[in-house]
Amino acid sequence: MALLRRGSRTVDEVAAALGLTGNAIRSHLTALERDGFVRQSGLRRGASKPARIYSLSPEAELLFSRMYVPVLTQLLHVLSARLSAKQFDHIMREVGRSIMAERPRPTGDIRRRAEGAIALLNELGGLARLEKEDGVLLIRSDGCPLSAATQRHPEACNAVESLLSEFTGAAVTACCDREERLRCCFELSERVDRR
């Protein structure tokens with residue numbers, strides 16, 4: 001992946017750079033392509049037939065960056081210092097709602113929509129599951145995908161609360177555990193004004 005990060009290459013070019021066989025490289029590229037980290041990006045004229053060119057996918061590029069968390073966490077620190085608590089909360093909720101702008105929403109009863117929300121949270125780095133406690137549906141997680149932000153800015157949970165509310169069409173209330181370690185918890189109930 002590091003070679004492809006420097007530029008697109010054919011199987012033979014990767015094999016030559018790493019001192020491996022073309023077959024060994026093909027099997028790795030096939031696995032990386034299946035997992036969405038590598039993609040075929042064209043053809044290059046070869047000695048006998050055109051050779052496929054491989055490059056990293058945009059998703060793979062994200063794996064190499066370590067800047068997102070510190071930059072975005074610092075942005076929250078700056079915003080919270082410059083805005084009122086009400087303004088900051090409003091912005092965090094708007095962020096959560098706007099993440100869902102182009103995403104299709106799940107349909108069905110509230111349980112089915114909650115299961116869709118769990119799949120979404122897990123796709124975004126959560127470790128969520130659905131529980132029912134005293135007749136109330138809860139989405140619980142064994143961690144917090146925004147822990148770097150929510151440690152100092154619990155308002156970041158409001159972004160997730162709004163995201164889940166927008167996604168499910170349900171009333172969602174955060175009930176996160178902040179005692180020992182950060183763990184997400186969101187209570188879902190049917191909203192009367194469901195669109």
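The lining of the second largest pocket divides into five nonpolar, two polar and seven charged residues. Here Ala, Val, Leu, Ile, Met, Phe, Trp, Tyr, Cys and Pro count as nonpolar, Asp, Glu, Lys and Arg as charged, and the others, Gly among them, as polar. The model is predicted: local features need pLDDT of at least 70, side-chain atom pairs count only at pLDDT 80 or more, and totals for chains, interfaces and linings use all residues. Residues are numbered from 1 along each chain as its sequence is written, and side-chain values use heavy atoms, with hydrogens and water left out.

**Pockets**

- A pocket is an open set of points on a 1 Å grid over the protein atoms alone, where a 1.4 Å probe fits, with protein on both sides within 12 Å along at least five of seven lines; lining residues have an atom within 4 Å of a point.
- Among the 14 residues lining the second largest pocket, Arg-26, Lys-49, Pro-50, Ala-51 and Arg-52 lie nearest its centre.
- The largest pocket is lined by 28 residues, and Leu-72, Ile-99, Leu-124, Pro-145 and Leu-146 are the closest to its centre.
- By class, 22 residues of the largest pocket's lining are nonpolar, four are polar and two are charged.
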